[in-house]
Amino acid sequence: MDQEKKSEIVVSVRPVYFRMDSADSQPPKKFRDDSDDETGSQISSAVSLEELESGRSTPKWYRRGGTRSFAQRWAGLRSSCACNSTASKRTRGKKWCRWIAMGFAVLGIFGVIAGVIYVSFVGTLIARLSPPTPYSGLEHIVSTWKEPDSNGAFKYEWRDDFSRDIVPKNCHSHNDYWRRVPVYQALAAGCSSIEADVWLTDDKDLRVGHSWKSTTQYRTLHSLYLDPLATIFENRNVSTASTSDKEIGVFDSDPNTSIILLIDMKVDGHGIWPVLQAQLQSFRDKNWLTYFDGKAIHKGPLTVVGSGRTPFELVQQNSTDRFIFYDAPLRSISEPQYTFFNSYYASANLKAAVGGLWLGKLYPKQIESMKQQIAAARAKGLKSRYWDTPAWPISTRDSVWAKLMELGVGVLNVDDLASATRWNWDFCVVAGIKLCGRS
């Protein structure tokens, strides 16, 4: 009975796992990647069989140095991203720099090519459009001329080709004394009208200059104008005023052309008047001056016109031997006192006469005013003249010149002789370059 009970005893064995903490225990395994970074180790804890079977315990992974906080992990991630981003930006920057350098190099090459083509084009254009410089006795004088000195006006050897191939033109050399060579340069360009501003000195002489301070002892009306003109008339043996159809004049191409000397009196005209008459008397004695004898006008190789402060009553006073004529006001030319027998020019400041130019243009109302003024002067046998016309921009200047000539202005007031007399005004500015030369 007892033995049967003993045989029924069942022994239950429960396995238990123990953590190895002793010194002889094998250390946990560690794993490293190719860069020898420690990835950590797996350590098992003592757990019961039931715990393993129930899955309530899971293995944990650890890194060397312990568990990092979220902030540390985030900072590491940002640092890694920043390094990668910086390297990427540097690579892209180098590529952009290379492309930009290549772009500038290509643009530079094309720029050089375009520059060479442009310069060649303009050079060819200038060579084609530039009028040939006429060579005559006048041009020779211009190239060798020297300022007057104590010995008087410039002396030169006379040449028979004095005015060869020069065609006289209705242009007025405004402020002619400002040119490098007064008188001769205007005549060489073909301008038949020249202007001299005069000032009276204490010793009763007439100095030439735009202002009194600009005058000098040797630049006088005699040395700059009267003496050179007398030399020309004598050597040319010009036909006198008594000859109706001139055989010889200043210009070979048109002997009947009279040179107009416009005297602008800058100070008291009553004081200048007798001095001017005295200096012109030798020309009158040789019958070189245009004059009015009380009945008719007799045109000579030189016509003298008083402007500025010239006293009109003194012009009218001599009614039988008048050899100084008046520069009448164009704006009031319809007044009866201004006639063909006492006046030659009818002049006005362009802006005062028709108003200023807006955007460099003459408007229909201004053009109509100019047309009426020019017609009024022509009706009295006078030559209309507008001074202080625009000099710049060149296109504006040329358009005003063209319009004045189209309307039949009596004489064109110019400062640039070469542009006015030798160039085609339609080609003064081409490809943004001023081609017309200044003189």
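The legends below describe close-up views of a predicted model.

Residues are numbered from 1 along each chain as its sequence is written. Because the model is predicted, local features need pLDDT of at least 70 and side-chain atom pairs count only at pLDDT 80 or more, while totals for chains, interfaces and linings use all residues, and side-chain values use heavy atoms, leaving out hydrogens and water.

**View 1. The whole protein, for orientation.** The protein has twelve helices and 15 strands; helices (H or I, at least four residues) and strands (E, at least two) are DSSP runs, numbered from the N terminus. Of its 439 residues, 39% count as buried, where buried means under 20% relative accessible area, exposed means over 50%, and partly exposed lies in between (1.4 Å probe, protein chains only). A contact means heavy atoms within 4.5 Å. Among the contacts with a separation of 6 or more, 59% are between residues 24 or more positions apart.

**View 2. Helix α6, residues 221-236.** The 16 residues of α6 should span 22 Å at 1.5 Å a residue, and the end C-alpha atoms are 21 Å apart, which agrees; the expected span is 1.5 Å times one less than the number of residues. The helix bends by about 30 degrees at D227, and the proline P228 follows within four residues. Here the bend is the angle between axes fitted to the seven residues ending at a residue and the seven starting there. The buried residues of α6 include L221, L224, L226, L229, I232 and F233. Among the elements covering the buried residues are β4 (191-200), β6 (259-265) and α7 (269-285). After the helix comes N237, with a positive phi near 55 degrees.

**View 3. Helix α6 against helix α7.** The two helices α6 and α7 pack at an angle of about 15 degrees, with their axes 11 Å apart. That makes α6 roughly parallel to α7. Axes are lines fitted to C-alpha atoms, for helices over the stretch in contact, and angles run from 0 to 180 degrees between N-to-C directions. Angles under 35 degrees count as roughly parallel, over 145 as roughly antiparallel, 65 to 115 as roughly perpendicular, and the rest as oblique. The crossing of α6 and α7 is right-handed; a crossing is right-handed if the near helix is turned clockwise from the far one by less than a right angle, and left-handed if anticlockwise. L221, H222, L226, L229, A230 and F233 in α6 meet L276, Q279, L280 and F283 in α7.

**View 4. Helix α11 against helix α10.** With 14 residues (394-407), α11 should span 20 Å, and its end C-alpha atoms are 20 Å apart, which agrees. Buried residues of α11 include W401, K403, L404 and L407. Helix α10 (residues 364-379) packs on α11 at an angle of about 45 degrees, with the axes 10 Å apart, and the two are therefore oblique to each other. I367, M370, K371, I374 and R378 in α10 meet K403, L404 and L407 in α11. G408 follows α11 and has a positive phi, near 85 degrees.

**View 5. Residue D161 in its loop.** D161 lies in the loop between α4 (137-144) and β3 (169-173). Its relative accessible area is 10%, so D161 is buried. D161 touches S136 and G137, not counting residues up to four places away in sequence.

**View 6. Residue K383 in strand β12.** K383 is found in β12 (residues 383-387) and, at 28% relative accessibility, counts as partly exposed. K383 and Y344 are 39 residues apart in sequence, and 6.4 Å apart in space, C-alpha to C-alpha.
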